[in-house]
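This briefing is meant to be read with the sequence and the 3D view side by side.

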Amino acid sequence: MSILDVVSTGLLVLGGGFFLAGTVGLLRFPDVYTRLHALTKADNLGLGLIVAGLAVQAESWAAAGKLALIWLLVLVASAFACHLVARAALRRGIRPWT
């Protein structure tokens, strides 16, 4: 097992941990706003770590660039989706948990 395999495995496991933390936040937090916060922050970081772990194992720079582009597109889509869900919740009169 090479050092790149160890780094890649570490990044993939760490990314999976962030996904798990986001899922726990989704299930445990009290309202839609805090759940959105947990999901967007933890999942975006988790995906970034998984993409980094996969990029370490990529066979070319082009493949690593494609992975980075996918992560960037998911970041943008996640921000827009989170904003739309929070705005819909506000329009329905759902108050933030205090």
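In this predicted model, Pro-96 is found in the segment that follows helix H3, the helix spanning residues 61–91.

**Tyr-33 and the nonpolar core**

- Tyr-33 touches Pro-96 and also Ala-86, Ala-89, Leu-90, Ile-94 and Arg-95, again not counting residues up to four places away in sequence.
- The largest nonpolar core has five residues in all, and Tyr-33 belongs to it together with Leu-36, Cys-82, Ala-86 and Ala-89.
- H2 and H3 are the elements that give two or more residues to this core, and H3 provides the largest share, with three residues.
- As general background, nonpolar side chains in soluble globular proteins tend to be buried together.

**How H1 packs against H2**

- A pair of packed helices is described by the angle between the axes and by the distance between them.
- For helix H1 (residues 3–28) and helix H2 (residues 32–56), the axes come within 7 Å and cross at roughly 165°.
- Because angles over 145 degrees count as roughly antiparallel, H1 and H2 are roughly antiparallel to each other.
- The crossing of H1 and H2 is left-handed, and the contact between H1 and H2 is made up, by class, of 19 nonpolar, seven polar and two charged residues.

**How H2 packs against H3**

- The axes of H2 and H3 come within 10 Å and cross at roughly 175°, which means that H2 is roughly antiparallel to H3.
- On the H2 side of this contact the residues include Val-32, Tyr-33, Leu-36, Thr-40 and Asn-44, and on the H3 side they include Trp-71, Ser-78, Cys-82, Ala-86 and Ala-89.
- Sorted by class, the contact of H2 with H3 has 18 nonpolar residues and four polar residues, with no charged residues.

Note on methods:
Residues are numbered from 1 along each chain as its sequence is written. This is a predicted model: local features need pLDDT of at least 70, side-chain atom pairs count only at pLDDT 80 or more; totals for chains, interfaces and linings use all residues. Side-chain values use heavy atoms; hydrogens and water are left out. Helices (H or I, at least four residues) and strands (E, at least two) are DSSP runs, numbered from the N terminus. Axes are lines fitted to C-alpha atoms, for helices over the stretch in contact, and angles run from 0 to 180 degrees between N-to-C directions. Angles under 35 degrees count as roughly parallel, over 145 as roughly antiparallel, 65 to 115 as roughly perpendicular and the rest as oblique. A crossing is left-handed if the near helix is turned anticlockwise from the far one by less than a right angle, and right-handed if clockwise. Ala, Val, Leu, Ile, Met, Phe, Trp, Tyr, Cys and Pro count as nonpolar, Asp, Glu, Lys and Arg as charged, and the others, Gly among them, as polar. A nonpolar core is a set of buried Ala, Val, Leu, Ile, Met, Phe, Trp, Tyr and Cys residues joined through side-chain atoms within 4.5 Å. Buried means under 20% relative accessible area, exposed over 50%, partly exposed in between (1.4 Å probe, protein chains only). Contact means heavy atoms within 4.5 Å.
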